[in-house]
Amino acid sequence: MTRWGTTAAAVSLLALGLSACATTGTTAKPQASAKPAEKAEAKPLPKGLDGEASSGFPSTYAPLPSRPTAFVGATVLTATGQQIDNGVVVVQDGKIVAVGGPETAIPAGVTTVDAKGKWITPGIIDSHSHLGVYPSPGVSAKSDGNEATDPNTAQVWAEHSVWPQDPGFNRARAGGVTTLQILPGSANLFGGRSVTLKNVPSTTMQGMKFPGAPYGLKMACGENPKRVYGSKNRSPSTAMGNVFGYRKAWIDAADYARKWDDYRAKKEKGEKADAPKRDLQLETLAGVLKGEILVQNHCYRGDEMAVMIDVAKEFGYKITMFHHAVESYKVAPLLAKEGICSATWASWTGFKMESLDGVDSNAAMVWKAGACVVIHSDDPIMTQRLNQEAAIAMTAGNKIGYGVTRAEAIKWITANPAKAMGIADKTGSLEAGKAGDIVVWSSDPFSVYAKAEQVYIDGALTYDRNDKRYQPKSDFELGQPGQGAFN
Amino acid sequence: MIRSILLAGAALTAVIAAPAAAQTFAIVNARIEPVSSAAIPSGTILVQNGKIAAVGANVAVPAGVTAIDAKGGVVTPGLVAPSSNISASEIGGVRETRDDGTGSSLSAGFDIAYSVNPSSPMIGLARDGGVTSSAVTPVLSGVGGGSHEHADDGVVEEMTAGKDGGGDPPLFGGQAAFVRLKAGEADIVSKSKTAVTLSLGEAGARAAGGSRGASIVLVKSALQDARAFARNRAAFEQGATRDYGLSRLDLEALVPVVQGKTPLLIRAHRASDIRLALKLAAEEKIRIVLEGAEEGWLVAGEIAKAGVPVIVDTQADLPDSFETLGSRLDNAARLNAAGVTVAINGARDFNNLRQERLNAGLAVANGLPYPAALAAITLTPARIWGMADQIGSLDVGKTADLVLWTGDPLETTTWADKVFIGGVEQPADSRQSQLRDRYAAGDNGLPPAYR
């Protein structure tokens with residue numbers, strides 16, 4: 001998986017662009033204020049009219065209380081390609097400070113946790129989740145994942161649909177999930193912005209929002225958009241209608257970006273300039289063209305992926321990841337060459353025409369071709385056991401002799417989704433300087449019998465299977481049968 | 001190139017020769033899980049003429065009989081899916097390939113045995129996962145009522161047959177069947193009319209006109225009608241009876257139910273709906289099987305006392321509807337501990353039967369004893385569907401439906417190495433494995449279509 005190196009630079013560059021407004025990111029540009037104030041146009045636009053200056057919906061996430069901890073004696077999968085037996089992981093001030101073998105020095109004043117017989121992995125990252133936007137209970141009053149009113153709803157943001165009380169967040173955490181990308185659904189060609197969340201209990205969405213994570217744009221290939229709009233006698237009703245819809249939108253976005261660039265250039269020079277009217281739909285699309293928003297593209301079929309890659313080239317943007325990419329194995333060399341990740345289930349197949357050719361060795365074959373593999377859930381049940389889903393995918397590869405190790409396969413649910421979500425510099429692997437997002441498993445996490453015993457987020461114990469004080473429950477479940485206890 | 005052509009030729013031969021005669025062979029050096037008795041850590045199983053001839057630690061392999069060395073692998077009975085739509089449904093989102101829903105013409109009279117397609121490519125996929133037979137159970141069109149069905153990105157499709165009919169679904173889901181997934185057979189239905197399905201709770205309410213209060217009233221009325229119909233068919237033929245709520249065909253299907261010969265397979269989820277099902281069974285003196293039962297653990301003692309078997313999806317731990325608020329991962333363990341007979345389902349869906357054995361493993365992880373978990377995917381569903389005299393355990397005289405696994409059959413890292421149905425080794429050439437092999441073969445200078 002070192003081949004990821006070819007694209008890692010691009011991704012981390014994109015990651016820089018993060019800010020609450022995310023249209024142009026935080027890149028410092030010379031400000032017009034430096035110019036002599038000979039022209040009155042230099043004054044800032046009224047509040048809200050300049051996307052770059054938008055206050056957005058900033059994260060208020062703060063880690064839970066933690067104490068310096070050293071986990072000693074576990075088998076450690078670092079997600080950097082290593083499996084360390086009898087390992088040591090030290091976490092201080094929410095960050096990993098040391099990972100190594102038994103000889104690793106443990107600083108004074110650090111609490112030691114005996115983890116003999118346990119396994120430790122980075123926190124699991126689900127890069128395709130609808131928790132919060134399609135929460136439990138799945139009633140129409142809470143069906144907030146698809147703004148299925150227009151094939152292009154790039155203007156909507158999944159975070160505005162997230163219900164933090166979704167009991168699914170608690171289930172996912174008990175399965176070791178520490179970070180989630182919440183996406184809009186796939187009814188539309190452009191579904192809207194995704195949001196990346198820390199999987200901590202919170203009364204507000206902002207309290208979960210992953211600080212510094214870039215936004216994603218959900219796009220959808222294939223059957224869903226053309227069925228949803230075709231059935232309303234609207235475009236798109238065909239695959240070719242889909243592609244027209246993408247191209248038309250990118251033309252509008254490029255034009256919009258040009259108008260803002262012109263405005264800013266003129267403003268910078270102190271010339272008279274009239275700002276274009278802010279358009280939330282085009283602002284998001286322009287953010288993609290500027291490389292600040294990552295394209296998360298629902299696309300099952302290999303041939304459709306090839307078309308989407310050409311669309312991206314026509315307009316000069318990059319596709320970060322294909323989701324539900326059950327046919328990636330058919331175009332694996334192309335995906336390796338283009339540096340595009342494939343997010344897939346292990347073996348789901350046949351639930352619709354475009355998933356008919358799904359095979360269980362998909363992930364392993366893409367891995368073998370040197371492309372980036374992610375195992376995702378798109379499902380509030382599967383998200384609780386992404387470790388097992390990765391195990392099934394790994395096993396399918398080993399059935400045909402690929403020799404996929406646990407040290408490699410763990411990346412599919414940790415380091416690789418972190419890369420595809422633009423947060424690989426912050427989490428996804430056990431390396432000094434990264435967040436203390438850690439799962440302590442009862443046994444080999446690739447076993448059906450393994451359970452996440454303790455889940456740490458930024459070094460703070462957030463779930464403990466053996467301590468009721470660390471088993472948070474949603475407001476919704478109080479007073480209900482079972483009281484939110486699910487195991 | 002030449003090699004791949006030779007392989008293709010071999011595969012073709014295998015397909016042509018598929019309806020092979022039952023073989024005589026032995027599997028040696030295996031951990032054997034007979035299910036009906038304790039595991040044999042290292043033993044031999046002898047199969048003769050399609051039947052199990054001997055099982056034990058010290059079974060001699062007769063001269064001239066092929067011995068397959070399991071190399072420490074595990075032999076179990078073929079897995080039995082307790083309730084699925086395999087062979088009656090092909091592609092989830094393609095309406096024309098779905099014959100697992102009642103439709104709008106019939107209610108209890110619908111018979112899924114006529115929906116079965118022995119050539120469904122999904123059967124090979126199921127076999128690859130060690131599943132050798134399944135109960136095929138209809139659902140209410142457009143309502144579902146089985147366990148967890150997949151919808152990508154929240155774009156829900158209700159594409160079961162009959163959805164086009166409009167209006168509410170009929171009261172009963174129709175008659176179930178039992179299929180054995182043997183390759184090359186023209187008829188894979190071992191038994192038809194094995195149950196009549198019924199949904200209570202939210203799906204049942206919709207079928208009863210929109211509210212739970214109507215559900216049991218209408219069901220009881222239908223059962224009374226079926227009794228009256230059975231007592232006096234002549235009067236019915238002469239038009240000398242009062243009007244019945246169901247058609248003659250539907251009443252006919254309910255006759256074995258009211259006679260206690262065929263169970264009602266009742267999908268119920270909320271504790272109160274499970275209690276209603278138990279009460280219905282007691283009052284009407286009918287046999288029932290429960291499917292779903294996410295809140296079963298809350299009424300486990302009552303289910304055990306009634307002697308009603310339960311089919312559960314052990315992954316179901318979400319309060320994903322107002323009738324599953326108490327869902328939990330140890331439902332199967334708690335039911336079993338209370339003395340309930342528990343069978344474990346994977347997904348209902350034809351394409352995800354792989355999940356059944358993993359769901360059994362998940363149940364073990366959450367407290368179900370291993371032997372009960374293994375039985376829950378073999379002998380228990382075979383018993384529920386009246387097939388245990390033939391399959392479900394490795395007992396001498398039973399049909400040789402068995403699987404040789406590379407390791408613990410409930411484990412993620414294990415796969416089915418060899419699958420036998422009726423003593424015949426099944427081809428491992430599902431559509432999925434053919435796709436895999438085509439693209440795994442690598443570039444030979446021609447497009448994959450030539451591989």
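Which residues of chain A does UniProt give as "domain: Amidohydrolase-related"? The entry, which is unreviewed, places that feature at residues 362–448 of chain A. UniProt positions are in the numbering used here, feature names are shortened, and annotations may be inferred rather than shown by experiment.

Some housekeeping. This is a predicted model: local features need pLDDT of at least 70, side-chain atom pairs count only at pLDDT 80 or more, and totals for chains, interfaces and linings use all residues. Residues are numbered from 1 along each chain as its sequence is written, and chains are lettered from A and ligands numbered from 1 in the order in which they are written.

Over residues 362–448, chain A is 36% helix and 8% strand, with the end C-alpha atoms 21 Å apart. Helices (H or I, at least four residues) and strands (E, at least two) are DSSP runs, numbered from the N terminus.

Next, the interface. In chain A, 52 residues are in contact with 46 residues of chain B; contact is C-beta atoms, placed from the backbone, within 7 Å. On the chain A side, helix H2 (167–174) and helix H9 (386–399) are the elements giving two or more residues. H9(A) gives the most, with 5 residues.

Now to chain B. Helix H7 (residues 271–284) has 14 residues and should span 20 Å at 1.5 Å a residue, which agrees with its end C-alpha atoms being 20 Å apart; the expected span is 1.5 Å times one less than the number of residues. Just after H7(B), B:Lys285 takes a positive phi of about 55°.

Note on methods. Two residues are in contact if their C-beta atoms, placed from the backbone, lie within 7 Å.
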